[in-house]
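Subject: Structure for you to look at

Hello,

Here is the structure I promised to pass on. Please open it first, then read my notes below.

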Amino acid sequence: MENKEMQIAAEGILFASGEPVHISRICMALETDRPRAEEALQRLGDYYAFEQRGIRLVRMEDSYQLCSAPEYAGIIRRAFEIRKTAKLSQPALEVLAVVAYYQPVTRARVDQIRGVDSAYTVGLLLDRKLIEECGRLQVAGRPRLYRTTQAFLRSFHIAGLEDLPPLPGVEEGGQMRVEEDGADGLEE
């Protein structure tokens, strides 16, 4: 199958799905290897961007999805009379940030980092499908563990968690960096 034909077939697969499709499924359908499929998808995405089309090809970790162009969201919303989604509150953004950077994480750890009870906010983020339960911690009480979802990646227009900006003053593993003068590494 030629590259152009692969692009067209991949476009059809993604359009028909309406949901993210894992690269392995695309490779299987196209009967090709991952590098060739990814090259075809990259060219398809470049085409949409260069030609300023009304759709975009979005990569989320190892999955791809066709989405409407964000610059036309208002027009598309009006066409379907869709209400604008409610914005996230400051507490919701805080909880989402903690989950994104420390996942998998328990609600108790979120509460500890924020210094307040986050039960309601965790429930809200679960309802909006921005976070999900991903298991239980193997300690007494077996608290639930949470992680972000593909809806989170899509909502914040990032391909994967590695695209999150680094946290200032926090080293790998979530430990605060201590400056030699005893400061905590955060600017005032």
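A word on the source: this is a predicted model.

Start with the contacts across the chain. Take those between residues at least 6 apart in sequence: 47% of them join residues at least 24 apart. The chain has 188 residues, and buried residues make up 30% of them. Its secondary structure comes to eight helices and six strands. From the N terminus on, the elements run α-β-α-α-β-β-α-α-β-α-α-β-β-α.

**Helix H1 and its two partners**

Look at H1 with H2 to begin. H1 covers residues 3–17 and H2 covers residues 23–30. Their axes come within 11 Å and cross at roughly 125°. Angles of 65 to 115 degrees count as roughly perpendicular and those over 145 as roughly antiparallel. H1 and H2 are therefore oblique to each other. Their crossing is right-handed. On the H1 side, the contact is made by Met 6, Ala 9, Ala 10, Ile 13 and Leu 14. H2 brings Ile 26, Ala 29 and Leu 30. By class, the residues of this contact are eight nonpolar, no polar and no charged.

Now H1 with H3, which spans residues 34–50. These two helices pack at an angle of about 75°, and their axes are 9 Å apart. That makes H1 roughly perpendicular to H3. From H1, the residues that meet H3 are Asn 3, Met 6, Gln 7, Ala 10, Glu 11 and Leu 14. H3 answers with Arg 36, Glu 39, Ala 40, Leu 41, Arg 43, Leu 44 and Tyr 48. The contact of H1 with H3 has seven nonpolar, two polar and four charged residues.

Two residues of H1 deserve a click.

- Gln 7 is found in helix H1. Is Gln 7 buried or exposed? Its relative accessible area is 10%, under the 20% cut-off, so Gln 7 is buried. Leaving aside residues up to four places away in sequence, Gln 7 touches Ala 40, Arg 43 and Leu 44.
- Ala 9 is also in helix H1. At 26% relative accessibility, Ala 9 counts as partly exposed. Ala 9 and Ala 40 are 31 residues apart in sequence. In space, they are 9.8 Å apart, C-alpha to C-alpha.

Move on to strands S2 (residues 55–60) and S3 (residues 63–68). They pair in the antiparallel sense over six bridges. Val 58 has Gln 65 in S3 as its bridge partner. The two strands form a hairpin, with two residues between them. In the turn, Glu 61 has a positive phi of about 55°.

**The three-stranded sheet**

Then find the open sheet of three strands, ordered S4-S6-S5. The pairing is antiparallel. Strands S4 (105–106) and S5 (131–136) stand at the edges. Each has a single partner strand, so one side of each is left without a neighbour in the sheet. S6 covers residues 144–148, and five bridges join S5 to S6. Across that pair, Arg 136 stands opposite Arg 144 in S6.

H7 (residues 119–127) lies across S5 and S6. H7 runs at about 110° to S5.

Over to you.

Best wishes

Terms used. Residues numbered from 1 in each chain as written. Predicted model: local features only at pLDDT ≥ 70, side-chain atom pairs only at ≥ 80, totals over all residues. Heavy atoms only, no water. Axes fitted to C-alpha atoms, helices over the stretch in contact; angles between N-to-C directions. Helix = DSSP H or I, 4+ residues; strand = E, 2+ residues; numbered from the N terminus. Parallel < 35°, antiparallel > 145°, perpendicular 65-115°, else oblique. Left-handed = near helix turned anticlockwise from the far one by under 90°. Contact = heavy atoms within 4.5 Å. Nonpolar A, V, L, I, M, F, W, Y, C, P; charged D, E, K, R; others polar. Pairing = 2+ DSSP bridges. Buried < 20%, exposed > 50% of the residue type's maximum accessible area, 1.4 Å probe, protein only.
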